[in-house]
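Let's take a friendly tour of a protein model, one topic at a time. Keep the 3D view open as you read.

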Amino acid sequence: MSGNTPKVIHLSERRRADGAVLHSVIRDHETALRRFLRARLANHPDYEDLVQETFLRLARLTNLDEKFSQGQACTRSYLFSVATNLIRDMHKRDAIRREANLQDVEENILQDERPSSEAVLASRQELHSIKKVIMGLEANCRRAFVLSRVRNLSYREIAEEMKISVSMVEKHVMQALAEMRRKTGPR
Amino acid sequence: MNEQTPSADYEISDQAAWFVARLYSGDMTAEEEARLHDWLRAGVQHQREYDLALACWDDTADLGEDPDIMAFAASEPEKRKGYGRWLAIAAVLLLVALPFGANLKSFWPVAPETTAYETAVGEQQVVDLADGSKITLNTGTRVRVDYGKHSRQIVLEYGEAYFDVVKEAKRPLSVSAGGHVVTVLGTSFNVFRTGKQVEVVVLDGAVGVSEKALDRPAGTSGVEAVILRAGVGATFRQGSAPVVQETPQDIERVKNWLAGYVRFDNEPLYRVVGEINRHSPKKILIEDTTIMNMPISGSFKLVNIDLVLAGLEDVFPLEVTRYPDRYVLLGEAVAQP
């Protein structure tokens with residue numbers, strides 16, 4: 001076959017590089033991740049599992065050096081978002097288990113962990129009302145929040161991009177959350 | 001916000017929002033953590049609002065799927081470093097004659113992505129491909145993978161690889177090695193290419209092997225495709241008829257290398273050393289003609305060449321001398337003074 005030089009992946013180097021990157025990610029972020037998980041979960045029994053599982057998710061990625069060469073703040077927001085998703089999954093599982101306990105044993109056996117169609121509909125409606133709130137936010141507030149939550153940018157990156165201070169970014173995120181609480185939360 | 005607690009003028013729900021915004025900044029300090037836990041303990045309402053604020057954050061997880069929201073996430077010139085590395089590397093058009101009547105003039109409107117994978121001598125690695133297929137590369141091996149819209153093409157440039165192919169009727173997979181092409185729909189087989197020949201062993205399913213005919217239109221190659229089924233292997237040399245046979249020993253050999261072993265059954269020493277040398281950057285030399293054909297039997301794990309040699313020394317009348325750049329094998333009788 002003629003033509004362009006293909007991208008060559010030297011597997012031994014990639015494995016060595018990934019191991020070293022993973023090691024430095026753990027070294028630089030374990031304390032912060034634990035603090036984050038404590039703030040989210042307090043004394044939850046699965047706390048330690050979640051710490052391990054977050055790093056495990058990372059370990060399963062390839063090309064770690066490409067993904068994590070962009071600075072500490074990015075890596076940390078990525079880690080927090082992996083952990084947040086794990087927490088979400090855990091809550092969902094807990095909720096399903098709680099519901100299952102209230103039903104007959106036979107139904108338990110047939111129950112799988114996929115959400116029921118009612119649950120899917122409910123969550124879609126929820127997302128719709130959240131979307132309305134977001135669309136109603138002041139433009140800068142909305143931009144800062146979406147950059148943080150959807151693109152997982154660190155506050156520092158958002159500050160650079162929007163040409164504002166980091167503390168303004170934090171204020172915007174706080175205002176977005178407060179609006180959501182006001183408009184969609186219980187009285 | 002340099003304070004460690006939100007302003008007392010804020011409503012509790014706003015204070016909770018403040019804490020969650022701080023939490024996701026990534027630089028919450030130990031003192032702030034202590035203040036957060038103090039605040040949570042200060043009242044039942046605090047914990048409740050905190051959980052609600054966290055729920056707001058969590059519930060926005062799927063916002064990225066909404067195109068309207070995504071429009072606000074787009075930025076002008078991409079400022080993130082390293083973005084270019086995440087883009088696929090396009091390859092040039094390929095005009096290789098494919099067997100089984102494939103259209104020579106097929107070309108893709110979108111150039112396919114080519115990636116090459118390489119193992120060092122002594123290394124074995126598994127590569128996961130986008131369609132779920134796997135390639136296990138043996139020592140000192142290089143493959144090029146070209147997946148396109150209508151075909152999956154792999155070139156075994158040198159070495160030995162085991163292919164576990166996921167069936168895709170619309171996209172046959174082909175492995176080219178030397179002058180031959182192995183075509184499959186979905187199956188598992190091993191290809192071992194040396195300078196002189198290509199050896200194909202099929203473990204599951206069936207493959208078709210034909211000679212690559214670059215200068216003849218497809219379908220008129222004159223050499224029919226050889227169909228190999230599970231349990232069968234064949235050796236192909238350019239210009240001579242392939243030798244096809246049922247090869248339980250070759251199947252064993254493939255299973256063994258996949259598991260990291262080599263096994264010999266009364267093999268002459270020079271062939272044993274040849275095989276071990278494939279896996280060792282530091283080569284073993286036999287400097288004693290009397291031991292060349294010594295029959296060797298045994299199983300050796302390939303993890304560590306020194307261990308393999310120690311094993312050989314133990315069981316057979318051999319002596320190994322270890323130099324910085326090579327190993328030398330002599331018969332025991334010769335080595336004695």
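This is a predicted model: local features need pLDDT of at least 70, side-chain atom pairs count only at pLDDT 80 or more; totals for chains, interfaces and linings use all residues.

We will visit a pair of helices in chain A, then a sheet in chain B, and then the second largest pocket.

**Two helices in chain A**

- Find helix α8 (residues 155–162) and helix α9 (residues 166–184) of chain A: their axes come within 8 Å and cross at roughly 105 degrees.
- Angles of 65 to 115 degrees count as roughly perpendicular, so α8(A) is roughly perpendicular to α9(A).
- On the α8(A) side, the residues that meet α9(A) are A:Tyr155, A:Arg156, A:Ile158 and A:Ala159.
- Their counterparts in α9(A) are A:Val166, A:Val169, A:Glu170 and A:Val173.
- By type, the residues of this contact are 6 nonpolar and 2 charged, with no polar ones.

**A sheet in chain B**

- Here you can trace an open sheet of 3 strands in the order β15-β18-β17 (chain B), and its pairing is mixed.
- β15 (284–286) and β17 (318–322) of chain B are at the edges, and each has a single partner strand, so one side of each has no neighbour in the sheet.
- From one strand to the next, the twist averages 30 degrees.
- β17(B) and strand β18 (residues 327–331) of chain B run antiparallel and are joined by 5 bridges.
- To see one pairing up close, look at B:Glu319, whose bridge partner in β18(B) is B:Leu330.

**Helices across the sheet**

- α6(B) lies across β15, β17 and β18 of chain B, and runs at about 165 degrees to β15(B).
- Helix α7 (residues 305–315) of chain B also lies across β15, β17 and β18 of chain B, running at about 150 degrees to β17(B).

**The second largest pocket**

- This pocket has a volume of about 850 Å³.
- Its lining has 29 residues, and the closest to the centre are B:Asp250, B:Arg253, B:Glu267, B:Arg271 and B:Glu275.
- Elements of chain B that give two or more residues to the lining include the strands β9 (198–204), β12 (232–237), β13 (240–246) and β14 (261–268), and the helices α5 (248–258) and α6 (269–278).
- Which element gives the largest share of the lining? That is α5(B), with 7 residues.
- Sorted by type, the lining has 12 nonpolar, 7 polar and 10 charged residues.

Methods. Residues are numbered from 1 along each chain as its sequence is written. Chains are lettered from A and ligands numbered from 1 in the order in which they are written. Side-chain values use heavy atoms; hydrogens and water are left out. On a 1 Å grid over the protein atoms alone, a cavity is a set of points where a 1.4 Å probe fits but cannot get out, and a pocket is an open set with protein on both sides within 12 Å along at least five of seven lines; lining residues have an atom within 4 Å of a point. Grid points are joined across faces, edges and corners, and a volume is the space filled by probe spheres set on the points. Helices (H or I, at least four residues) and strands (E, at least two) are DSSP runs, numbered from the N terminus. Ala, Val, Leu, Ile, Met, Phe, Trp, Tyr, Cys and Pro count as nonpolar, Asp, Glu, Lys and Arg as charged, and the others, Gly among them, as polar. Axes are lines fitted to C-alpha atoms, for helices over the stretch in contact, and angles run from 0 to 180 degrees between N-to-C directions. Angles under 35 degrees count as roughly parallel, over 145 as roughly antiparallel, 65 to 115 as roughly perpendicular and the rest as oblique. Contact means heavy atoms within 4.5 Å. Two strands pair if DSSP finds at least two bridges between them.
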